[in-house]
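Please open the model in a viewer and keep the selection tool at hand.

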Amino acid sequence: MQYPSDDSFIGRTAPSLTNRRGRQASEASSSVRKNEKPLLFLDIDGVLSLFGFPSHTRPDGVWLNVDGIVHLISATAAEHLQRLGAAYEIVWCSGWEEKDNEHLVGALTLSGPLPFLTFPPADGSRHWKLASIDAHAAQRPLAWVDDAHDDGCHAWAADR
């Protein structure tokens, strides 16, 4: 995994891996808020699951079949997550939702599942992940790593 460019590291203010299925992040809000680490909302596709590279320069990684879609998971992702977990409370922030832990805990040899966000239907007024990020984070410091930030995400981060 390469570290993201500034454009993919949104909402920075300031990197614990935690049952096999995990828990929806909103279910864990009270216990998570006691943790003083900043939150790290982590997308999967385009961040841990690599794509867009020429076939002759494929990065090192492991192929993972998730519901018929093959993903190349970076060979260094597990190490990076362990290091990030020392400084951040990591929360999956991906359209995979509960499938994050189902497929990645074993593939990345994590010590346990991570909290994950679920997403309401998009209303079209702003990025489809922001309502869930806001609901979970409240006023906690956070970082959000994603490969699909738009201008609205940048404005949200600046206002935050």
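Begin by selecting residues 1-20 of this predicted model. Where pLDDT is low, the predicted coordinates should not be read in detail.

Now colour the protein chain by pLDDT. Its average is 83, and 78% of the residues score at least 70. Which elements have the lowest and the highest mean pLDDT? The lowest, 44, belongs to strand β1 (residues 9-10), and the highest, 98, to strand β2 (residues 39-42).

Next, select Glu97, in the loop between β6 (89-92) and α3. The phi angle of Glu97 is positive, near 50°, although the residue is not glycine. Most residues other than glycine have a negative phi.

Proceed into helix α3 (residues 99-107) and select His103. Is His103 buried or exposed? The relative accessible area of His103 is 16%, and therefore His103 is buried, the cut-off being under 20%. Display the surroundings of His103: apart from neighbours within four places in sequence, its contacts are Leu64, Asn65, Val66, Asp67 and Trp96.

Finally, move to the loop between α3 and α4 (130-137) and select Thr109. Thr109, also not a glycine, has a positive phi of about 50°. With a relative accessible area of 62%, Thr109 is exposed, because the cut-off for that class is over 50%.

Terms used
Residues numbered from 1 in each chain as written. Predicted model: local features only at pLDDT ≥ 70, side-chain atom pairs only at ≥ 80, totals over all residues. Heavy atoms only, no water. pLDDT = per-residue confidence, 0-100. Helix = DSSP H or I, 4+ residues; strand = E, 2+ residues; numbered from the N terminus. Contact = heavy atoms within 4.5 Å. Buried < 20%, exposed > 50% of the residue type's maximum accessible area, 1.4 Å probe, protein only.
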